[in-house]
Amino acid sequence: MPENSLSPFGNPEGARADLEEVARGFVDFGDHLVWKGLATKPNDLRARVFVGKKGSGKTLYLRRAHDFVAAQQDNLYAGSINDNAPLTQEIIRISRFFKKHELRETWCQLWRKAIIRSAVSHIINNEILVSQVGDKLCCSFRSNYSEILYDTEETRYPSGIFDELGSILQKNFTRNSILKYVTNTKWGQLETEVAIALKKCKPVCLYMDGIDDHFQHAPMYWLECQIGLFNAIMSLLRDQNLGGRLHVTVAIRDVVRLKILQTEHNLRNFEEEHIRVLKWDVRSISYLLSEKVKKLNNELFHSYDGSKSINSWLGLSEFENKKRNKKEKIESYLLRHTRLLPRDVVTMGNVLCQELQRLKWFPEVYTLPEAIKRGVSFAAREFGKEQLQICGTHLATDMSPTKFEHKDYEKFLGTDEYKANLADKIKAYISSFKKDRFTRSVLLRQEELAKEYFDEGSDIINVLWLNGMLGYADSSDNSGIVVFYSDDGGPEFKLPRDKKEYAFHSCLIDATGIQPSGNPVLQQGVIL
């Protein structure tokens with residue numbers, strides 16, 4: 001990494017990071033049996049769906065997979081990563097044509113058609129694929145399916161799945177036209193010919209990213225759309241004629257998988273080898289942090305002694321928390337202020353490197369512990385603010401449009417004013433707890449108070465639980481360990497209401513103004 005880099009830990013945004021820089025800074029998790037989805041190799045073609053929280057590295061894993069396939073030109077064909085998702089207004093318009101029990105199946109059908117159309121556009125517009133498939137089939141695609149492929153005769157460039165879906169939505173303005181389009185009898189014949197073409201050419205790999213970038217604009221509508229996409233990809237995998245030759249890889253938000261698990265529990269193990277959940281915990285994120293520190297240049301260490309550890313990097317082994325009157329291991333202090341996400345580790349690492357360099361230039365301004373506290377507090381405040389927005393988005397996905405008049409549907413467009421208002425309400429509600437630790441009686445009382453902040457039927461307590469911002473203490477040893485939500489078969493989808501003590505995530509202290517109380521809030525798996 002360049003010595004003058006402003007980001008010694010790397011770029012926290014996977015979509016913008018240079019791939020060579022990514023390769024240098026990437027931390028490999030070698031054992032799949034231990035690390036599961038985190039150990040996914042770029043050459044693993046079984047991985048079709050990367051699932052994770054915002055900041056979990058979905059885009060990074062997707063880009064690595066695409067880069068590997070793109071380099072295998074003799075054996076595999078890789079389309080460009082398509083990240084141009086349809087307009088939110090189009091998603092809302094189509095969604096309002098159908099009742100909820102119809103919507104997921106409709107989206108599944110629409111996504112499947114978009115995938116097939118995209119595959120055809122690559123087959124007939126790439127010289128290598130055309131030579132392998134033959135002119136006869138390519139001419140058939142161009143001339144025999146114009147009513148479902150539209151402008152194939154004029155199309156001369158491969159088209160992504162997002163682009164094809166957008167084209168379908170723009171040309172179908174009514175419920176009837178959509179149903180007529182997806183049930184057109186020519187689709188069966190077209191899929192048969194696509195399967196024949198794929199057997200003649202090398203496997204075609206298509207990639208989709210960025211779909212959750214638009215999630216906050218209309219979360220309720222985008223959620224159903226993304227569930228339809230997930231179902232379409234899983235259905236395609238089971239297709240004996242297409243599944244082995246047409247590879248579609250996508251990155252989706254964890255809330256999509258969460259909603260699927262809540263309604264279709266058999267999907268917990270469904271096609272598990274194709275679904276790579278980027279699940280980070282204390283152990284994996286601790287390993288990531290220590291490996292990132294090892295890659296730092298020597299001059300970035302506060303007390304370099306020949307070894308590269310977190311202690312030598314920051315110059316401390318313990319941090320004295322004066323507000324709690326406790327000493328903490330420095331690693332525990334850092335990690336409990338993150339959401340156990342790689343983006344948080346990279347962001348906090350970059351901030352702390354800047355604080356340490358500033359301290360070298362201005363040692364008279366503040367002490368080493370003060371510099372570390374400044375950096376951690378700044379990063380934690382940003383994590384907390386972002387998580388309040390994410391909780392607001394989640395809360396909106398649970399709100400039913402039947403509760404509002406037709407003219408009020410703009411709420412779900414995710415306007416800046418609406419998003420800011422919802423996040424501010426959540427912040428004010430959390431602030432009303434006063435402290436980061438509280439008893440069961442306080443929780444139940446505050447649950448009643450929530451009715452004054454949020455619409456009827458909203459369950460802010462469980463939204464905070466499912467997003468890892470609220471947990472419960474389940475220990476009598478005074479360790480400070482708090483159980484937060486995990487979707488690995490552990491705690492339920494609803495926060496248990498029978499515990500003696502509950503606690504907020506540490507990043508909310510800086511983001512909402514609640515005060516630390518008692519032991520530091522440590523997450524499960526921390527090494528005391």
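A helix axis here is a line fitted to C-alpha atoms over the stretch in contact, and the angle between two axes runs from 0 to 180 degrees, taken between their N-to-C directions. Keep that in mind for the helix pairs below. The model you're looking at is predicted. The protein has 528 residues, and 55% of them are buried. Its chain forms 22 helices and 12 strands. Take the contacts between residues at least 6 apart in sequence: 76% of them join residues at least 24 apart.

**Helix α5 and its partners**

- Start with helix α5 (residues 100-125) and helix α10 (residues 175-182), which pack at an angle of about 55° with their axes 10 Å apart.
- Angles from 65 to 115 degrees would be roughly perpendicular and those under 35 roughly parallel, so α5 and α10 come out as oblique to each other.
- The crossing of these two helices, α5 and α10, is left-handed.
- On the α5 side, the contact is made by E102, T106, Q109, L110, K113 and R117, while α10 brings in R175, I178, Y181 and V182.
- Look at the spacing of contact residues along a helix with this in mind: an α-helix has 3.6 residues a turn, so residues three or four places apart point the same way.
- Helix α5 also packs with α4, this time at an angle of about 125° and with the axes 11 Å apart.
- That angle makes α4 oblique to α5 as well.
- Here α4 uses I91, I94 and S95, and α5 uses L103, W107 and L110.
- L110 of α5 turns up in the contact with α10 and again in the contact with α4.

- I123 is found in helix α5, and it counts as buried because its relative accessibility is 0%.
- Setting aside residues up to four places away in sequence, I123 touches L129, V130, V133, C138, F141, A197 and L198.
- G134 is 11 residues from I123 along the chain, and their C-alpha atoms are separated by 9.9 Å.

**A helix on the inside: α9**

- Helix α9 (residues 161-171) is largely enclosed by the rest of the structure, because 8 of its 11 residues are buried.
- The buried ones are I161, F162, E164, L165, G166, S167, I168 and L169.
- What do they pack against? Their partners are the helices α4 (88-95), α5 and α10, along with β2 (77-82), β3 (204-208) and β4 (246-253).

**Aromatic rings**

- Rings of Phe, Tyr and Trp count as a pair if their centres lie within 6.5 Å, and by this rule there are 21 aromatic pairs.
- One of them is W465 with Y485: the ring centres are 5.9 Å apart and the planes meet at 70°, so this pair is edge-to-face.
- W465 lies in helix α21 (residues 460-466) and Y485 in the loop between β10 (481-483) and β11 (501-504), so the pair ties together parts that are 20 residues apart in sequence.
- Both partners are buried: W465 has 0% relative accessibility, and Y485 has a relative accessible area of 14%.
- Elsewhere, ring pairs link Y429, F433, F438, Y453, F454, Y502 and F504 into a cluster.

**An arginine over two rings**

- The charged end of R64 sits over the ring of F26, 3.8 Å from its centre.
- R64 also lies over the face of Y61, with the ring centre 5.9 Å away.

**Loop residues worth a look**

- Most residues other than glycine have a negative phi, and most peptide bonds are trans.
- L340 isn't a glycine, yet it has a positive phi of about 55°.
- You'll find L340 in the loop between α16 (330-335) and α17 (342-361), where it counts as buried at 8% relative accessibility.
- K434 isn't a glycine either, and its phi is positive too, at about 75°.
- Is K434 buried or exposed? K434 is exposed, with a relative accessible area of 59%, and it lies in the loop between α19 (416-431) and β8 (437-439).
- S56 sits in the loop between β1 (49-52) and α3 (58-71), and it counts as buried at 0% relative accessibility.
- S56 and L340 are 284 residues apart along the chain, with 8.7 Å separating their C-alpha atoms.
- Leaving out neighbours within four places in sequence, S56 is in contact with L278, W280, L341 and P342.

Definitions and conventions:
Residues numbered from 1 in each chain as written. Predicted model: local features only at pLDDT ≥ 70, side-chain atom pairs only at ≥ 80, totals over all residues. Heavy atoms only, no water. Phe/Tyr/Trp six-rings, centres within 6.5 Å; stacked < 30°, edge-to-face > 60°. Helix = DSSP H or I, 4+ residues; strand = E, 2+ residues; numbered from the N terminus. Buried < 20%, exposed > 50% of the residue type's maximum accessible area, 1.4 Å probe, protein only. Lys NZ or Arg CZ within 6 Å of the ring centre and 35° of its normal. Parallel < 35°, antiparallel > 145°, perpendicular 65-115°, else oblique. Left-handed = near helix turned anticlockwise from the far one by under 90°. Contact = heavy atoms within 4.5 Å.
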